[in-house]
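Q: Hey, I'm trying to get my head around this structure. Can we go through it together?

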Amino acid sequence: MRMILACVVLMAVVSGAWGQAAPDVRQSVVKIHATYRGPDFEAPWTRMPPEEFTGSGFVIDGELILTNAHVVEYASQIFVQPPQSADRLRAELVAIARGIDLAVVRLRRDSDRADFHAAHPPLTLRETLPDIGGTVQAYGYPMGGEQLSITEGVVSRIEYADYYLSTFGLRVQVDAALNPGNSGGPVVMDGQVIGVTFSGIDQAQNIGYLIPSEEVRAFLDDIADGSYEGRPRLFAEGFQTAENEAVRDWLGLGDDQTGLICTGENEDIPLERWDLVSRIGDSNIDNAGLITVGDGVRVNWAYNIPRLASDGSVPVTVIRKGQPVELSLPVATSRAELLAPLRNEYPEYFVLGPMVFSPVSQDHLGEYYLGYLAAVGSPIALRADEEQAFPGEELVVLASGFLPHPITKGYAVSYRPTVKSINGEAIKSLSHMLEVIKGLEDRYLVIEFHDEAQEVLVFDRTELIESTEEILEDNSIRRQGSDRFMQIWES
């Protein structure tokens, strides 16, 4: 599902005057035009109809332009409009991180690039966090006009939060309202960029969010090698605060022993149940799980994980049975998730007769009614946060109802059922399913599903396979499946 984030602008609490802004900032903020072609999860061989979106961006070092991921994700074309110009210069996506909502684009033609960057210098990213209460200026192109808008607001909060697709990072809140059009624009303090506008809360007034320059720098460092990996995380479960007096007394904790209680049972991690994680590096963790960074800013202790990660681990101190123990906890940028994100790619698929099969991704979750799927026992809902049980494991979903054909007489497709077995053999992935079907000699193909609401489907195997070409033609589907599945099917 396309990230549901409005392209936004920080509107003034106190209107900023043009004379108060540094001229080089104004010259470095651009308007971005993108044609969005999102994935169609029910018809994965095609794309959603084109939609035109605008956002903002700004010039950074390396002849690049920084913006939000949701401004340019799934864009079939991107144009950059320089300030005080009607020109639209063709651009291309260089890197994107949908989880942290950042992307980098560049102009496609060398001549355009050279002329543009000669006139529009890169902005400087601030090295430190902004001061709470400090005044900032937001630049961008909100709806309602064509000219650059400059507005003012105040930094009101800094916190460590969940962005999107299980991505965590630092986030800055400002006391300003939000309007469509300025997502990806810079927010400046004392001539330096402190963050990138990315979101607001529709139900609240004067609450807007920035991706701080610290997260921007981490993103830019990450993509320097040509790929985006993400920041290290601790993949562990079962932590609770140590604020309750009864649990503290039960564990025998003194007043000076603060931190988070590990209540989970995590394999391959040297934490034991009822350990109190009291320090990460040199930072004390309080009973709410917070540490102090910068000038008295309190954030979740996980903020220090990517900052302290070295050789795949972070140092922590735990209180175990009353005694301090020094540990190294393993961290990683990712794990073998059962439902991996699409990462700005389109979903894969395979058409067999009247059925459209697709591997399930994290992105599918935003499109599906998970409450219903949980009720009927679907692993899409019940295993959404799990790792793969074995390498290459995928959930295979019937992506849509039947494509029209007489072979489906008397059958119906329930809501998004997942394949359990073919002729009694448990299905490990869509690739495995195709291999199983190709190896069958049985007259009938029997498809069973995990979902309680889905009936068993039995087809004459030869008739099913032979119906595929007719169905593809009737539905104007040019290709039976994605490349990796066609290699298996045609081999």
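Predicted model: local features only at pLDDT ≥ 70, side-chain atom pairs only at ≥ 80, totals over all residues.

Q: Okay, barrel first. Which strands close into the barrel, and in what order?
A: There are six, and they go E2-E3-E4-E7-E6-E5, with antiparallel pairing. From one strand to the next, the twist averages 40 degrees.

Q: And what makes strands of a sheet pair up in general?
A: Strands pair through backbone hydrogen bonds, and they can be parallel or antiparallel.

Q: How many bridges join E3 to E4?
A: Three bridges link E3 (residues 51-60) with E4 (residues 64-67), and the two run antiparallel. If you want a spot to look at, find phenylalanine 58, which sits opposite leucine 66 in E4.

Q: Which strands does helix H3 touch?
A: H3 (residues 110-119) packs on the sheet and touches E2, E3, E4, E6 and E7. Its direction makes about 110 degrees with that of E7.

Q: And what about helix H4, which strands does that lie across?
A: H4 (residues 213-222) lies across E3, E4, E6 and E7. It runs at about 60 degrees to E7.

Q: Switching topic: how many salt bridges does the structure hold?
A: It has 20. One of them joins arginine 98 to glutamate 73, where the closest N and O atoms are 2.8 Å apart. That pair links distant parts of the chain, 25 residues apart: arginine 98 is in the loop between E6 and E7, while glutamate 73 is in the loop between H2 and E5.

Q: Are those two buried or exposed?
A: Arginine 98 and glutamate 73 are both buried. They also belong to a network: salt bridges with shared partners join Glu73, Arg98 and Asp363.

Q: What does arginine 298 form a salt bridge with?
A: Its partner is aspartate 286, and the closest N and O atoms are 2.5 Å apart. Arginine 298 is in strand E20 and aspartate 286 is in the loop between E18 and E19, so the bridge ties together parts that are 12 residues apart in sequence. Arginine 298 counts as partly exposed because its relative accessibility is 37%.

Q: Now loops. Where does leucine 165 lie?
A: In the loop between strands E9 and E10. Leucine 165 counts as buried because its relative accessibility is 18%, and the cut-off for buried is under 20%.

Q: How about aspartate 268, buried or exposed?
A: Exposed, at 74% relative accessibility. You'll find aspartate 268 in the loop between E16 and E17. Its phi is positive too, near 65 degrees.

Q: Last topic, helices. Where is histidine 364, and which residues does it touch?
A: Histidine 364 is in helix H7 (residues 362-365). Leaving out residues up to four places away in sequence, it touches Phe41, Pro347, Ser358 and Pro359. There's also a polar contact of 2.9 Å between the side chains of histidine 364 and serine 361. Histidine 364 is buried, with a relative accessible area of 1%.

Q: And why is H10 largely enclosed by the rest of the structure?
A: Because seven of its 10 residues are buried. Among them are Leu430, Met433 and Ile437.

Terms used. Residues numbered from 1 in each chain as written. Heavy atoms only, no water. Buried < 20%, exposed > 50% of the residue type's maximum accessible area, 1.4 Å probe, protein only. Helix = DSSP H or I, 4+ residues; strand = E, 2+ residues; numbered from the N terminus. Polar contact = N/O pair within 3.5 Å; in protein donor to acceptor, adjacent residues only side chain to side chain. Contact = heavy atoms within 4.5 Å. Salt bridge = Lys/Arg side-chain N within 4 Å of Asp/Glu carboxyl O. Pairing = 2+ DSSP bridges. Axes fitted to C-alpha atoms, helices over the stretch in contact; angles between N-to-C directions.
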